[in-house]
Amino acid sequence: MSSLLTFISVNDGKIKRSSLEVLSRCREEAERLGLDNEAVVVAPDASNYSEQLSGYGVSKVYVVEDPIFKNPLNTPLLKALDAVIEKAAPRVVAFASTEGSKDILGALSASRNVPALPDVSSFEVTDSGVSGKRPVMAAKILSSVEAKGDTVLVSVRSGSYDLTESSSEPEVETIDFSVSEEEIKVVLKEILSASGDRVDLSEAEVVVAAGRGVRDEEGREMISELASVLNAGIGASRALTESGAYDPSLQIGQTGKVVSPQLYIGIGISGAIQHVAGIMNSKVIVAINKDPDAPIFDIADYGIVGDLYKVLPPFIEEIKKLKVS
Amino acid sequence: MKFYICIKQVPDVNAPLQIKEGQLLQDTDRMILNAYDASAVEEALVLSEKHDGEVEVVLIGPDKAKETLRKALAMGADKGTHIVTEDESYDSAVYSKILTAFFNDKEYDYIFCGKQAQDTDSGLTGGMLAMQLDLPYTTNAVGMEFENGSILVKRQGDAGQEMISVPSPGLVTCSNDMNEPRIPSLKGIMQSKRKPVDTISTGDLGLSEDDLAVRTQILSFEEKPEREAGRKFEGEPDEVAREVAKLLDEEAGVL
Amino acid sequence: MDEKFDCIIVGGGVAGLAAAMTLARKNLKFLLIEKGEFAGAKNVSGGVLWGEDLAKLVPDYWEEEDGGWERFINHRRLTFLDEGSSFSVDFKSQHFNETPYTGVVVLRSKFDRWLAGKVEEAIAESDYAMDSFVAPNILVEEILMEGDKAVGIRAGEEKFYADSVILAEGVNNLLTRQVGLQDSYVPADHMLTGVKEVIRFDQKVLEDRFQLNGLSGMSNEFVGYATRGIEGGGFLYTNRDTLSIGLVLGLKDLREKGSPDKKLTPYDILNDFKNHPAIADTIRGGEVVEYSAHIVSSGDKRVIPEKLYKAGLLVCGEAANLLMNAGKAIQGMDYAIRSGILAAENIVQAKEKNDFSEARMKAYQDELEKSYIMKDINNFQDAVHMLHDPLMYQKVPNLINHFGRQFFSISNRPTRKAREMMRESVKEHASWWELVKLGIKGARSL
Ligand SMILES: Cc1cc2nc3c(=O)[nH]c(=O)nc-3n(C[C@H](O)[C@H](O)[C@H](O)COP(=O)(O)OP(=O)(O)OC[C@H]3O[C@@H](n4cnc5c(N)ncnc54)[C@H](O)[C@@H]3O)c2cc1C
Ligand SMILES: Cc1cc2nc3c(=O)[nH]c(=O)nc-3n(C[C@H](O)[C@H](O)[C@H](O)COP(=O)(O)OP(=O)(O)OC[C@H]3O[C@@H](n4cnc5c(N)ncnc54)[C@H](O)[C@@H]3O)c2cc1C
Ligand SMILES: Nc1ncnc2c1ncn2[C@@H]1O[C@H](COP(=O)(O)O)[C@@H](O)[C@H]1O
């Protein structure tokens, strides 16, 4: 019996929510089609995660464990996945769409000689492969796509599916792995980590995003305060990551991250399509902008027309009050 | 030091679009150089100016895409190859196959691609090409410099940035967060006309129809489920701020 | 390549492209510079290109199924509006179906780009295939002068030289002012602002609604309530599957009547216009896909620079404020094309004699005076002024509609004679004396 295989991304000892979303979708599809729902974890401590996965109806977990996976290098990961796919021969290998999976999807597709559908917002398994929907043209429109093959790689935008739990006792299979120095031709020199990213943006339930309208330290402090009151992740438009005001990891949009919070608050952001491309999966969008014609108001559920420097203080104060009561 | 940049002509995502019977139509027919590729060209030009290099661009696309090739030459690339195909159904896999065939007999230090094509946002071609040419690679570069004969790439990862050294020959895919691509000068535009452009077909590369069969396909396009514009609040900052905060709590229930 | 050009054209609108096409065909070496990302990028205006000159530039353009144009006009309508009614004069003719068409609707960003492509083709076939250029995305900042003669241009750090310069920079004619051909302060009050929306429909719906057949199209001008009493008028043109709808509004009047506290922006007025029952019914179900605003000349002769030339320099198109708006149509693009052709032809002759002196350049203005452009502008000045008379855009439309309401209503009461109705309408909305004056003016002006 063949299977659907979900690649589980981990970060700081935790499974990423976006991977669990994908896993939840795969379980649904596996149940519908009577296939096995399997997962693969590739990490220095990969075997630690089977427990967490048991809550998501997984029948088998492939584990590839090696200290090398602590580093974000594509060659070892490709080699590990190649071995697992060879073994599991799944109908679908599904990833959460992250910079990590984007780094390998093309190469894996070529090395396995299987088609790939990147960044879908929904997908289903068909007789001949996978069909799905992908946002294109900076997420202005949706395309219906289809991939034909015995195995198809799919990556899924965060926030596309809800988490659904279902308990199981997964069997754990460890895959032997080794990689030699010579095989890894690129050299990781250094990891520069993001500053002040308390909450992982793509996982955050609330996102406060700053744009060019936030023009000074005073403004950034208000952003921090609002974020801390809401326990939100801070994001930024390209205008502010480019200027150095915010760390590039915090950029939201076509070039940056796709966020899928319950609440997104865009502050001093005009709403260029490339930014909006990253926030469409938000449940509720709030915009604060002094220009009543700013395009972001076209998609905001609640739009406040006003100077952010005047709007934010009472806004923060009121939220504090509401949070207390 | 020799650079090859793979560039794609894409429709301008800012131009008005419409969908008719599932097909995507552009009012202005406006095509541009993929912004990520423009950044790749820019970066190669800067590196080759510093380290005495040579920059070639290669584009797969219809006849009318030659204006995009010209644009890269006008920016300063030295030479171009236009692989002419009128087939619009090709996916990243097919493009990477054509590029693989093209690069098979070429000598180079680095191939740069865009991290993704602005229209499809696939982001597959670079990785596919690297694998097929058996090149070390890295993706999503936001900065580059030379160090001991290798390119040191600053790449944007999920949580932070990584410094990765890619030896030659190698491949890098580029983000537009890396630089501000130059706008061609008048001189550049004039010189571009005299720069050599090879125009070839996929047949010239020894590829047959079967080699170019797609396995992924766009079946149709549709409007995204419309996000209704909600309410706009204008007035006293103090009042509207408090009102919206309350609504977020009571009406939207997201606090 | 470093040698100088025969001509540098500033501006890739219709005037500049017409000049370029002419130079390419005549084998001159030229450089056309356009500040927009591509020809047409900034020219969101557009409407009907009247006359047959397009065929001079691109013979048989109508053979191109998907050329730069949208539809040809065979149906024209002039509508007077008051607050709730509309009174139209409507004319449709089979004669307009024949090629060369006498009017085609265009969308500029598409049309200019297409025409620029045709210019590129002409360059490729000329002796200067490698040495003539259309260069977009470059702003010309200065005309280089040697004494009183134009010798080239400067764009950023770059300087390029030529025997001659054609200024086709459009209505915002900074360079024309820079070389001293236009006073900097004159025009403002003789300027109008144009606002326009493009509204999309299902093509079939559009064709049914406006009785379009194949690529036939309709043009509709509006006078009266369209502008809420502000000097100007409205227009509606059918494109392939969109409508262009908009207003031109006197800047001065707008400033005075649309004072900031009243917040009457051109956009608001356009919205009102669209909500007028006569318009609302025709645009129902459409989706706005584009909004644009642009200054446009009033067509008042007083804003046309006295001299349109200098040694080595010619001004054409709307940079020279060549435009006509006498109520029945806006003519700017056809003037731009014809004047661009005339300017280029003059450069060709100057090149033959290698004479770019002021005296030689004057021949262009003489040709222009002899052409239909200046003849029309001269002959219809009164009509232009009349159109800008409040009587014309306020009282007359009200009067006509008042009359129309009575004339066309049928009630179960004795019907009055039309003459009586007319008298009442006039009493209500104007004085006989005003009308007599207007009538005399009108008779003279047309
Ligand atoms: C290929 C490509 C990819 C891109 N990818 C991304 C991406 O991933 N993410 C991204 O964000 N952008 C991206 N961009 C850039 C994008 O097009 C915009 O340039 C960018 O998003 C603009 O950022 P902004 O809204 O902060 O700035 P602006 O567009 O300058 O808007 C600033 C806004 O702040 C408002 N404002 C100013 N002062 C105040 C005040 N005191 N109070 C309230 N409001 C105020 C203004 O009214 C204005 O609306 C990309 C562009 C390209 C070409
Ligand atoms: C709302 C509206 C509706 C109209 N409707 C009609 C109509 O129905 N029929 C009609 O015939 N006319 C109409 N017109 C008028 C018509 O659009 C103009 O008269 C016509 O475009 C003039 O052509 P042009 O080539 O002289 O100038 P433009 O078309 O304005 O072209 C000038 C070009 O020069 C470029 N440029 C300017 N300065 C520089 C510089 N320094 N360096 C480089 N490039 C530069 C500009 O980017 C532009 O592309 C309308 C105008 C408006 C605003
Ligand atoms: N038709 C093409 N011609 C040349 N390069 C291409 C083409 N398609 C894709 N590429 C390269 O591959 C990158 C990623 O494309 P994609 O996989 O389509 O997102 C682009 O930014 C280009 O560098």
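Predicted model: local features only at pLDDT ≥ 70, side-chain atom pairs only at ≥ 80, totals over all residues.
Residues are numbered from 1 along each chain as its sequence is written, chains are lettered from A and ligands numbered from 1 in the order in which they are written, and side-chain values use heavy atoms, with hydrogens and water left out.

The domain assignment places residues 3–174 of chain A in domain 1 and residues 201–324 in domain 2, with bounds that come from an automatic or database domain assignment. Their C-alpha centres lie 30 Å apart, and the contact (heavy atoms within 4.5 Å) takes 12 residues from domain 1 of chain A and 13 residues from domain 2 of chain A. About 1,000 Å² is buried between these domains, 38% of it given by carbon and sulfur atoms; buried area is the accessible area (1.4 Å probe) that two parts lose on being put together, summed over both. Of the area that domain 1 of chain A buries against domain 2 of chain A, A:R17, A:A138 and A:S158 supply 51%, more than any other three residues. The count between the two domains is one salt bridge, that is, a side-chain nitrogen of Lys or Arg within 4 Å of a carboxyl oxygen of Asp or Glu, and the side chains of A:R17 and A:E205 meet in a salt bridge at 3.0 Å, N to O.

## Chains A and B

Of the two pairs of chains that touch, chains A and B have the most contacts between them. Their contact takes 84 residues from chain B and 87 residues from chain A, and the area buried is about 7,200 Å², of which carbon and sulfur atoms give 54%.

Between these chains there are 10 salt bridges, and the side chains of A:E317 and B:R242 meet in a salt bridge at 3.3 Å, N to O. Helix α6 (residues 237–250) of chain B gives the most to the side of chain B that touches chain A, with 11 residues; helices (H or I, at least four residues) and strands (E, at least two) are DSSP runs, numbered from the N terminus.

## Chains B and C

Chain C touches chain B through 29 of its residues, which meet 20 residues of chain B, whereas chain A and chain C do not touch, their nearest C-alpha atoms being 12 Å apart. Chain C and chain B bury about 2,100 Å² between them, with 56% of it on carbon and sulfur atoms. Four salt bridges cross this interface, and the side chains of B:R30 and C:E37 meet in a salt bridge at 3.1 Å, N to O. The largest share of the side of chain C that touches chain B, five residues, comes from α3(C).

## The largest nonpolar core

The largest nonpolar core has 92 residues, of which B:L186, C:I9, C:F30, C:L31, C:Y61, C:I143 and C:I153 touch the most other members. Helix α9 (residues 333–353) of chain C gives the largest share of this core, 11 residues. Such a core is a set of buried Ala, Val, Leu, Ile, Met, Phe, Trp, Tyr and Cys residues joined through side-chain atoms within 4.5 Å, where buried means under 20% relative accessible area, exposed over 50% and partly exposed in between (1.4 Å probe, protein chains only).
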